[in-house]
Amino acid sequence: MLSEAEKKRYSRQIRLFGEDGQEKLKRTSVFIAGAGGLGSAVSIYMAAGGFGKIRIVDCDSVELSNLNRQILHANADVGRPKAKSAFETLTGINPEIEVEALVETISQDNIDQLLQGCDLIMDAMDNFPIRYLLNRTALRRKIPLFHGAISGYQGQATTIIPGKTACLSCIFPRAPPATIFPALGSTCGVIGSIQVTEAVKYVTEAGMLLENRLLLWDGLNGCLDEMACERNSACRECSDSVY
Amino acid sequence: MLIALPDGSRREIAEKCARIDDILKQLGINPEEVIVAKNGRIVPEEETAGSNDELKIVRFVHGG
């Protein structure tokens, strides 16, 4: 049940999906992998929107060079663990929700423990090896993975529903070379917002998800494009021979 | 075969049928950095493309 304060707080989105939809968000536990640029946009909108339980994980501390885009963190947070400032920002925005912020390095060894009790995964990582681990775990646990990635003015997003859509490895069979990428805060905002919109639609069962569609944002030219994708029968992660 | 390149330009090549990884090699594009759609659908690079196909090569990103 929503309290009177919650009904007031969420009144403008309750107009969209009703109290029933808001209660669904409240009952949803999300795992956010990363409290960087994407993680900032994703977690702030999820907290403000009333996802009931947010577990956000990041192993790094805030650096001055993060502050052009990582809006979870402020100048005074430089040198502090990102998880700590994430906790303060998110609970400051919305004290009605439960936030767990962990200083952890996501790995094969702890991923199951980190994901315990979570209904969906938000990909806010900055590298493909951990994205593949999130993908593999989402497939195994049969929970959705909302993928996003950025570089400079460019970004991409897709929604992965295990057993139904192409998985991350079907779309990107190989990790790109690891490089230091240029990053613009507003690009993180565009892609993170799309990821949260997808999660809201998934939970409230509204609209058409980015299932089997890779959305491509080209901010430099102001273009959105999409590419269709499908499950690869030879995929190393999700083909029938694996599951 | 009509090909849309990552920089937005388009190019026509006179291949009857070729594997996508060979086409990328011919164009000097590192396959690790791109995904390729054949007639609008993302395909693995082992797939072949013929003269009537349209390819779109997109550089994907990895940052967060």
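1. Quick definition before anything else: helices (at least four residues) and strands (at least two) are DSSP runs, numbered from the N terminus. By that count, Met227(A) sits in strand β8 of chain A. Keep in mind that this is a predicted model.

2. Let's stay with Met227(A) for a moment. Is Met227(A) buried or exposed? A residue needs 20 or more other C-beta atoms within 10 Å to be called buried, and Met227(A) has 21 such neighbours inside 10 Å, so it counts as buried. Setting aside neighbours within four places in sequence, its contacts include Leu214(A) and Leu216(A) in its own chain, and Ala37(B), Gly40(B), Ile42(B) and Val58(B) across in chain B. By contrast, Ser107(A) is 120 residues away from Met227(A) in sequence and 30 Å away in space, C-alpha to C-alpha.

3. Now the interface as a whole. On the chain A side, 31 residues are in contact with 14 residues of chain B. Which elements of chain A give two or more residues to that side? They are helix α3 (37-49) and the strands β5 (145-151), β6 (154-160), β7 (213-218) and β8 (223-228). By class, the chain A side splits into 18 nonpolar, 10 polar and three charged residues.

4. Two packed helices are described by the angle between their axes and the distance between the axes. Here the axes of α3(A) and α8(A), the latter covering residues 185-204, come within 8 Å and cross at roughly 45 degrees. That makes the pair oblique, and the crossing is right-handed.

5. Who meets whom in that helix pair? From α3(A) the list includes Gly37(A), Leu38(A), Ala41(A), Tyr45(A) and Gly49(A); from α8(A), Gly185(A), Cys188(A), Gly189(A), Gly192(A) and Val196(A) are among the residues that take part. The class tally for this contact is nine nonpolar, eight polar and no charged residues.

6. Most residues other than glycine have a negative phi. Glu205(A) has a positive one, near 55 degrees, and Asn212(A) is also positive at about 55 degrees although it is not a glycine. Glu205(A) is in the loop between α8 and β7 of chain A, and Asn212(A) is placed in the loop between α8 and β7 too.

7. Finally, chain B. How many helices and strands are there in chain B? One helix and seven strands, in the order β-β-β-α-β-β-β-β along the sequence. A compact globule of 64 residues would have a radius of gyration near 11 Å, and chain B has 11 Å, so the two agree. Its C-alpha atoms fill a box of roughly 40 × 25 × 20 Å along the principal axes.

8. Two more figures for chain B. Of its 64 residues, 28% count as buried. Among contacts in chain B with a separation of 6 or more, 52% come from residues 24 or more positions apart.

Note on methods: Residues numbered from 1 in each chain as written. Chains lettered and ligands numbered in written order. Predicted model: local features only at pLDDT ≥ 70, side-chain atom pairs only at ≥ 80, totals over all residues. Contact = placed C-beta atoms within 7 Å. Nonpolar A, V, L, I, M, F, W, Y, C, P; charged D, E, K, R; others polar. Axes fitted to C-alpha atoms, helices over the stretch in contact; angles between N-to-C directions. Parallel < 35°, antiparallel > 145°, perpendicular 65-115°, else oblique. Left-handed = near helix turned anticlockwise from the far one by under 90°. Rg over C-alpha atoms; globule rule 2.2 N^0.38 Å. Buried ≥ 20, exposed ≤ 12 C-beta atoms within 10 Å, placed from the backbone.
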